[in-house]
Amino acid sequence: MDVTLMLWIDAALTLMILSFLYRDNPFYKFAEHLFVGVSAAYLMAVGFWDHLVPNLLGKLFPSLMSGVVPGAVGRSPDYYYLIPAVFGLLLLTRLIDRWAWLSRWALAFIVGGAAGFNLPRFLDSDFIIQVQSTMIPLVVLDASGNLLWGASFSHVVLVLGVICGLVYFFFSVEHKGVLGHVSRAGIWVLMVTFGAAFGYTVMARISLLTGRMEALGAWLGSIF
Amino acid sequence: MRIPDSILHIDRRIIFLLIGAAVCIPLILKPRFQDSPTPIVQSIFDTVERLPPGSRVFLSFDYGPDTAPELDPMAKALVRHTMTRGHEVSFFTLFPEGVGQIKKITDSLLPLEFPEKAYGRDFVNLGYKAGLGGAINTMVVNFRTLVNADAEGTPLDALPITADVDEMVDYVIILSLTAGDPGLKEWIQFAGDIAGIPVMGGGTAVVAPELYPYYPQQLVGLMGGLKGASEYESALVDRYPAFRNAPMDATMRMGPQVVTHVLIVLLVLLGNLAYFLGRADRAGRTGQGTQAGRRP
């Protein structure tokens, strides 16, 4: 496509979306619907050509798909893939009220399979190794035995922050006395975390706005 | 309406205009803010720098055009660095929209800045693979089951860069640029923690806070948002002054970031000041009313 035309479409759609900042209007609605439609169509096309064709049709009918699936030439059909094909079709029974219950079998397989597949990885990476990462020395010394103040302070903050945060979410005992103070410190830890996340979110949104403003600048540059 | 109340009920469109001006004016004036790499970014740079030339690097573009303003600068900086060091780069994506992002780099940046680099010898595009974390798991278990050709359908054996690649562990590092799931987190869970391949990369500023807990044990380094990209660019320019005149997108975009953040901090302070002044004002008026009511 012509670069100038692309710039005009880019700028027009950006301005249509930004017009919502003033108030809702038909131009914004048009751009919004166009975005949803194009995204859905793109993902549908990708789903067919990158998911169904190589992972199912290419396995069941390799000779038929040899032109579009690399490595399918000379391969014999793998009929085990009829099982996922049937499960996939069962999902579509949701569209027919009388047979909709059949889709639960496929959903049950998806939920069970995903849980079984992900559980060991999450348990290992997000729990055990994370616990290990918190078991660190509070006093950090260099090779000569000198105290590293910065590293030691970081470790103390990390360990105390984790303990205070955990105590805040420990509801089996009433948060009174020492536990109450630690729990209150936990709230502060959480607030600091949320504040940092908010700061990061601002940075992300401004980055995106900067990208759009640069695009509008390029469009204006092509005119003047 | 009193001043504190008028500030608290300011038309939000005025805020939008102020933010717009805070972004546009620095883009026009182009102020430069010198950045220096923090340890978490420096460790990525040092790892790439220490690898011997010709090392196989796996670079996954796990993002689409919606987050390109944040992640494209990281992609460019990493490509410039790996290519300058003479590494062999395999581009890949777990995002359907990532295909276009890879194409943007291989079709524009590489021919322009590294014309001597050849496709199939110095870099390759392995394209998009569906399956989220499952795709990574399959690649770790049996790489060729999932990836047996490049994005154009050329068999891996026909390309010098991938002819010897049989397993995921044939790559010395995994770099991922992440906009969400799947991304760095999945690369850590399904490749780094299982196969022991060092994982590092960058994430959008929204994703970055979720990734920091993995550093340094499971994640070698992280570029968090545009700031992280800017730090990497500064490390690159410091080490390779030839890039001093190259367009460093993140460094340029830090101008709007700085001005907008200052503006937002001022608006937060102003909002709080107006709130407390308004409260004191209301309390004063209530007190006067009560006293007036007690007069005989």
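Visitor: In chain A, which helix has the highest confidence, and which the lowest?
Guide: This is a predicted model, in which local features need pLDDT of at least 70 and side-chain atom pairs count only at pLDDT 80 or more, while totals for chains, interfaces and linings use all residues. Residues are numbered from 1 along each chain as its sequence is written, and chains are lettered from A and ligands numbered from 1 in the order in which they are written. Confidence is given as pLDDT, the predictor's own value for each residue from 0 to 100, and helices are DSSP runs of H or I with at least four residues, strands being runs of E with at least two, numbered from the N terminus. In chain A the lowest mean, 84, belongs to helix 3 (residues 62-65) of chain A, and the highest, 93, to helix 6 (residues 149-168) of chain A.

Visitor: Which helix of chain A supplies the largest share of the side that touches chain B?
Guide: Counting two residues as in contact if their C-beta atoms, placed from the backbone, lie within 7 Å, 32 residues of chain A meet 39 residues of chain B. Helix 2 (26-60), helix 5 (103-134) and helix 7 (177-223) of chain A each give at least two residues to that side. The largest share, 16 residues, comes from helix 7 of chain A.

Visitor: How many helices and strands does chain B have?
Guide: Along its principal axes, the C-alpha trace of chain B spans about 100 × 40 × 30 Å. Its secondary structure comes to 11 helices and 6 strands.
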